[in-house]
Amino acid sequence: RQGMVDYTRWKASPTDVALLDSYINHLSSARIGVASAQAARLAFWINAYNAVTVKGILREYPTTSIRNHTAKLWGYNIWKDLKLKVGGKQLSLDDMEHQILRKMGEPRIHFAIVCASIGCPPLRSEAYTAEKVDGQLTANAKSFFSDQTKFRYDRSRGRLFLSPILSWFATDFGANQVAQLKRIAPYVPEAAQPLAASGKASVSYLDYDWNLNDQKR
C-alpha cells in the first residue's frame with residue numbers, strides 16, 4: 001500500500017539499515033537554527049522526525065504498534081527516550097514535534113510527520129526540501145482528507161467527521177472551531193469545502209488506528 005513501510009525487508013537489509021543510520025548521522029551534523037528560512041527548518045525537522053521514527057521502529061521490529069513502546073510511567077518510551085543530537089542538543093521525537101515543529105505555526109506538519117501508525121498520514125517516498133516543502137505539505141493535506149478513514153462528510157446533516165489529529169492539535173489550526181474548519185477547507189474534497197468554509201458544520205471524530213503502518217498488513 002502506498003505510504004506504508006516495508007519494515008521486514010528494510011530490517012533484513014544491512015545496506016538499507018546502514019543508509020538510514022548514515023542519513024541520521026548527516027542530520028546530526030547539520031547547523032539549523034532560528035535564523036534559517038522557515039521552509040528549510042520545516043523540511044529538516046519533518047525529515048528528522050520521520051527518519052528517527054523509522055529507526056526506532058526498526059529497532060523494535062517485529063511489532064504491531066508504536067504504542068507497544070510508549071511506556072507512560074516507567075520503561076522505554078520511543079517518543080521521549082529516542083534522541084537525535086543536533087547542534088549539541090539531544091532532542092526526542094516529542095521535542096521535535098512539540099517544541100520545534102508545532103511552534104512554527106504551520107499546521108500542515110500534522111499531515112507530514114508520521115508516527116508509524118495507520119492513523120497517521122502516509123509516509124512520502126521522497127524527502128522534504130526547502131524548495132518543495134510548501135507544495136509537498138499541500139499535497140499531503142489533500143491526500144489526507146481524501147482518505148475516508150480520516151475524513152468524511154454528510155452535507156445533508158451539515159456534519160464533518162474528522163481524524164482525531166484535528167482534535168488533539170486543534171489549536172494549531174485556529175483559536176476556535178470556526179477558524180479551524182476554515183483553515184482546513186481548501187484541502188478537503190471540493191464537495192465538502194463550502195461546509196467546512198462556513199465554519200458552521202457539526203463535528204465528530206473518527207477512530208484512530210494505532211496499528212503499525214506495515215506493508216505486510
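These legends describe close-up views of one predicted model. Local features need pLDDT of at least 70, side-chain atom pairs count only at pLDDT 80 or more, and totals for chains, interfaces and linings use all residues. Residues are numbered from 1 along each chain as its sequence is written, and side-chain values use heavy atoms, with hydrogens and water left out.

**View 1**
Strands and helices here are DSSP runs, numbered from the N terminus: a strand is E with at least two residues, a helix is H or I with at least four. Strand S1 covers residues 83-86. Leu84 and Val86 form its covered face. Lys83 and Lys85 form its uncovered face. Strand S2 (residues 89-92) runs antiparallel to S1, and 4 bridges join them. Two strands pair if DSSP finds at least two bridges between them. Val86 has Lys89 in S2 as its bridge partner. What is the phi of Gly87 in this hairpin? Gly87 takes a positive phi near 60 degrees, and the hairpin has 2 residues between the strands.

**View 1. The largest nonpolar core.**
A nonpolar core is a set of buried Ala, Val, Leu, Ile, Met, Phe, Trp, Tyr and Cys residues joined through side-chain atoms within 4.5 Å. Buried means under 20% relative accessible area, exposed over 50%, and partly exposed in between (1.4 Å probe, protein chains only). The largest core has 63 residues. Which of them touch the most other members? They are Trp45, Met96, Phe145 and Leu166. Helix H3 (residues 38-60) gives the largest share of this core, 12 residues. In soluble globular proteins, nonpolar side chains tend to be buried together.

**View 2. Val54 in helix H3.**
Val54 lies in helix H3. Is Val54 buried or exposed? Val54 counts as buried, at 6% relative accessibility. Contact means heavy atoms within 4.5 Å. Not counting residues up to four places away in sequence, Val54 touches Trp10, Leu20 and Leu123. Lys85 is 31 residues from Val54 along the chain, and their C-alpha atoms are separated by 16 Å.

A disulfide is a pair of cysteine sulfur atoms within 2.5 Å. How many disulfides does this rule give? The count comes to 1. Cys115 is joined to Cys120, with S to S at 2.3 Å. The torsion about their S-S bond is about 105 degrees, so the disulfide is right-handed. Both Cys115 and Cys120 are buried.

Rings of Phe, Tyr and Trp (its six-membered ring) pair if their centres lie within 6.5 Å. Planes under 30 degrees apart count as stacked, over 60 as edge-to-face, and the rest as tilted. The structure holds 12 aromatic pairs. Phe111 and Phe173 have ring centres 5.9 Å apart and planes at 50 degrees, so the pair is tilted. This pair links distant parts of the chain, 62 residues apart. Phe111 sits in the loop between helix H5 (93-101) and helix H6 (133-145), and Phe173 sits in helix H8 (residues 170-173). Phe145 and Phe151 have ring centres 5.5 Å apart and planes at 90 degrees, so the pair is edge-to-face. Phe145 is buried at 1% relative accessibility, and Phe151 is buried at 2%. Ring pairs link Phe111, Phe144, Phe145, Phe151, Tyr153 and Phe173 into a cluster. Beyond its neighbours within four places in sequence, Phe145 contacts residues including Phe111, Leu166, Ile184 and Tyr187.

**View 3. The open sheet S3-S4-S5.**
This open sheet has 3 strands in the order S3-S4-S5, with mixed pairing. Why is one side of S3 and of S5 left without a neighbour in the sheet? Strand S3 (151-154) and strand S5 (202-205) stand at the edges, each with a single partner strand, so one side of each has no neighbour there. The twist averages 20 degrees from one strand to the next; strand axes are lines fitted to C-alpha atoms, and angles run from 0 to 180 degrees between N-to-C directions.

**View 4. Strand S4 and its two partners.**
S3 and strand S4 (residues 159-162) run antiparallel, joined by 4 bridges. Asp154 has Arg159 in S4 as its bridge partner, and Arg152 stands opposite Phe161 in S4. The hairpin of S3 and S4 has 4 residues between the strands, and Gly158 takes a positive phi near 65 degrees. S4 and S5 pair in the parallel sense over 4 bridges. Here the bridge partner of Arg159 is Ser202 in S5. Arg159 and Phe161 point one way from S4, Leu160 and Leu162 point the other way, and all are buried.
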